[in-house]
Amino acid sequence: MLKLQTQVTDEKCKVHISYEDKILMLGSCFTDNVGQKLANYGFDVCINPFGTLYNPVSIARSIARLSAGKHFTEDECVWMGSNAGKVCSFWHHTSFARTSTAEFLDNANRRLDEASEFFANCSKVIITLGTAWYYRYDGQEAAADSPSPSYRGTVVSNCLKRKATEFVRERLTVEECTAELLKISDSASSRQMIFTVSPIRHMADGAHGNQLSKSTLLLGVDRMTRSLSDDQDSPAPDYFPAFEIMMDELRDYRFYAEDMVHPSSQAVDYIADRFLGWALPENEKTVLEERIKKFRQSRHVSSYRNI
């Protein structure tokens with residue numbers, strides 16, 4: 001038979017997920033897409049409690065904060081730029097922004113409490129890395145709406161539409177990336193972990209810059225998993241090749257959205273199905289089929305009611 005596709009031969013999964021698991025998912029918007037599918041199919045998941053996170057430093061800081069459960073304070077609030085008239089923090093995605101400090105803190109701390117409790121009891125953590133590039137708040141410009149000086153030198157999860165001159169943009173080295181991933185693993189303690197690299201392309205630095213970034217992440221994950229593979233006190237993290245599946249099995253622009261950067265909904269469905277086929281034990285795949293059927297039926301009923 002004529003072969004029309006390069007198949008990614010991913011290794012056998014070592015860290016299975018189960019319907020018995022509580023699963024924390026952190027990372028890029030690919031996490032949101034796949035995480036929502038897992039939620040739709042009946043898995044117990046907590047998805048990005050700080051909003052979308054892109055770089056390993058921000059993810060490491062966020063999971064450490066979940067572990068500590070330390071509330072956000074007024075000193076950590078930041079006014080967004082571009083005359084947005086909203087308050088957020090450098091820990092959060094702009095989807096958390098609110099029109100007042102009190103409203104932001106109430107929502108952010110409520111979500112933090114819920115996620116910290118979930119994290120304390122979860123059994124699996126899935127991390128999707130988006131980019132090795134990050135922004136550090138420089139804090140040299142003085143303005144009426146300047147963030148607290150305590151942020152100076154801090155890596156931010158989101159620039160909140162503030163002036164580019166307030167930040168320094170840098171790319172992690174492989175060694176720095178590995179160190180941040182080890183911090184994540186350490187914060188997760190005895191919980192089993194799965195890492196993946198997002199197939200979403202970050203084209204601000206061109207195709208070559210995107211490849212350098214993704215390569216840094218891939219090498220960092222490889223070094224981290226190798227360094228922990230001989231650790232008998234905790235299970236070694238596993239790796240799912242979402243990036244490789246997009247690049248090799250789906251290497252056609254028909255599998256991209258209109259921006260030619262994000263995977264299409266069809267590609268997300270395909271990779272999510274590959275993930276579930278890889279991570280779910282055989283004895284639970286019948287349950288998955290039943291949950292998918294039930295979800296699709298509920299969508300059909302909902303659509304019918306709206307006619």
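How exposed is Arg136, going by its relative accessibility? At 28%, Arg136 counts as partly exposed. Keep in mind, everyone, that this is a predicted model.

Let's stay with that arginine for a moment. Arg136 makes a salt bridge with Glu170, and the closest N and O atoms are 3.5 Å apart. Glu170 sits in strand E8, residues 167-171, while Arg136 is in strand E6, so this pair ties together parts that are 34 residues apart in sequence. Glu170 is partly exposed too, with a relative accessible area of 28%.

Arg136 also turns up among the contacts of Thr154. Leaving out neighbours within four places in sequence, Thr154 is in contact with Arg61, Tyr135, Arg136 and Tyr137. Thr154 lies in the loop between strand E6 (133-137) and strand E7 (155-156), and it counts as buried, at 16% relative accessibility.

Back to salt bridges. The count comes to 17. One of them joins Lys183 and Glu180, at 3.2 Å from N to O. These two are three residues apart in helix H4, residues 174-188, so about one helical turn separates them. What I like here is the contrast: Lys183 is partly exposed at 46%, whereas Glu180 is buried at 12%. Then there's a network, where salt bridges with shared partners link Asp145, Arg162 and Glu166. Lys285 and Glu282 pair up as well, at 2.9 Å, and Glu282 is exposed, with a relative accessible area of 62%.

Okay, on to the inside. The largest nonpolar core has 53 residues, and Leu24, Ile127, Ile184 and Phe195 touch the most other members. Helix H3, residues 101-121, gives the largest share of this core, seven residues. Ile127 has quite a list of contacts beyond four places in sequence, including Leu26, Ile59, Ile184 and Phe195. A second, separate core of 37 residues includes Phe30, Ile271, Leu276 and Ile292.

Now the strands. E1 pairs with strand E2, residues 44-47, in the parallel sense over four bridges, and Ile23 in this pairing stands opposite Val45 in E2. With helix H1, residues 29-40, E1 and E2 make a right-handed β-α-β unit.

Last stop, Gln7, in the segment before strand E1 (22-27). Gln7 counts as partly exposed, at 42% relative accessibility. Past its sequence neighbours up to four places away, Gln7 touches Glu249, Tyr270 and Arg274.

Conventions. Residues are numbered from 1 along each chain as its sequence is written. This is a predicted model: local features need pLDDT of at least 70, side-chain atom pairs count only at pLDDT 80 or more; totals for chains, interfaces and linings use all residues. Side-chain values use heavy atoms; hydrogens and water are left out. Buried means under 20% relative accessible area, exposed over 50%, partly exposed in between (1.4 Å probe, protein chains only). Contact means heavy atoms within 4.5 Å. Two strands pair if DSSP finds at least two bridges between them. A crossover is right-handed if, with the strands pointing away from the viewer, the path from the first strand over the helix to the second runs clockwise. A nonpolar core is a set of buried Ala, Val, Leu, Ile, Met, Phe, Trp, Tyr and Cys residues joined through side-chain atoms within 4.5 Å. A salt bridge is a side-chain nitrogen of Lys or Arg within 4 Å of a carboxyl oxygen of Asp or Glu.
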